[in-house]
Amino acid sequence: MTRTVRDAALMMNALAKPDARDWFNVPGESADHTARLGESMKGKRIAYSPRLGYAKKVLPEVEALVVAAVKRLEAMGAIVEQVDPSTDDPSETFQMLWWAGAGFLLGDLPEEKKAQLDPGLRKMAEEGAKISLKSYLAATAVRGAYGSKLRQFMER
């Protein structure tokens, strides 16, 4: 998404602003994510999880780049602790929610519009339209519990 840390901070300045159209959004102060770019990493606490506690496979080149980044952070004085957040794999839950959303948004399109969709998106919307309300609400509850666990994990 960006090529530099500074560009990522600038992107976060735009993305992190409160949006009154999103009722999930918690209003708060806008932070300037570029303001602390020059700060030392000495003493900063960082949790590092190679697999988030559930991922079975990581591409070797990605794993190597992440390990190199962790070593660099440690060399800069950060305190890096390898720890897993102890959560289950959320993929199935998030797929159900994503597909149900596609079914809701695209399921009632006229056939001529559906024919213009990417085949994968069309399949997703068709399958998503079949998801029951009970299954959708159960996935929403699992997503809430997952988010709560991760928030508690990040408090440390």
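Student: What is the relative accessibility of E81, and what does E81 count as?

Tutor: The model is predicted, so read every value as computed from it. E81 has 34% relative accessibility and counts as partly exposed. The class follows because buried means under 20%, exposed means over 50%, and partly exposed is what lies in between.

Now its partner. E81 forms a salt bridge with R156. The closest N and O atoms of the two are 3.1 Å apart. E81 sits in strand β2, while R156 belongs to the segment after α6. The pair therefore ties together parts of the chain that are 75 residues apart in sequence. R156 is exposed, because its relative accessible area is 56% and the class begins over 50%.

Q82 is exposed, with 59% relative accessible area. Leave aside neighbours within four places in sequence, and Q82 is in contact with Y48 and P50. For Q82 and P50, the C-alpha to C-alpha distance is 7.8 Å. In sequence they are 32 residues apart.

Next, the loop that follows. T87 lies between β2 and α3. With a relative accessible area of 6%, T87 is buried; the limit for that class is under 20%. Its contacts, again without residues up to four places away, are L52, G53, Y54, Y146, K149 and L150. One of these, Y146, belongs to helix α6. Y146 is itself buried, at 17% relative accessible area.

F94 has 35% relative accessibility and counts as partly exposed, whereas Y146 is buried.

T93 also has its place in α3. At 14% relative accessibility, T93 counts as buried. Beyond four places in sequence, T93 touches A139, V142 and R143.

The largest nonpolar core has 5 residues: A102, L106, L117, M124 and A125. Two elements give two or more residues to this core, α3 (91-106) and α5 (119-128). A102 shows some of the packing. With residues up to four places away set aside, A102 touches G107, M124 and A125. Nonpolar side chains tend to be buried together in soluble globular proteins.

L59, V62 and V66 make a nonpolar patch of about 230 Å². V62 lies in helix α2, residues 60-75. V62 counts as partly exposed, at 39% relative accessibility.

Back to charge. The bridge between E81 and R156 belongs to a structure that holds 8 salt bridges. Another group of charged residues deserves a look. R36, E39 and K44 are linked in a network of salt bridges. E39 bridges to R36, with closest N and O atoms 2.9 Å apart. K44 bridges to E39, with a closest N and O distance of 3.1 Å. R36 is exposed at 54% relative accessible area. E39 is partly exposed at 37%. K44 also counts as partly exposed, at 28% relative accessibility.

In β2, E81 reaches R156 in the segment after α6. The loop between β2 and α3 holds T87, which touches Y146 among others.

Key. Residues numbered from 1 in each chain as written. Predicted model: local features only at pLDDT ≥ 70, side-chain atom pairs only at ≥ 80, totals over all residues. Heavy atoms only, no water. Patch = residues over 30% accessible without salt bridge, like charges linked within 9 Å, V, L, I, M, F, W, Y side chains within 5 Å. Areas by Shrake-Rupley, 256 points an atom, 1.4 Å probe, with all protein chains shown as cover. Salt bridge = Lys/Arg side-chain N within 4 Å of Asp/Glu carboxyl O. Helix = DSSP H or I, 4+ residues; strand = E, 2+ residues; numbered from the N terminus. Buried < 20%, exposed > 50% of the residue type's maximum accessible area, 1.4 Å probe, protein only. Core = buried A, V, L, I, M, F, W, Y, C linked by side-chain atoms within 4.5 Å. Contact = heavy atoms within 4.5 Å.
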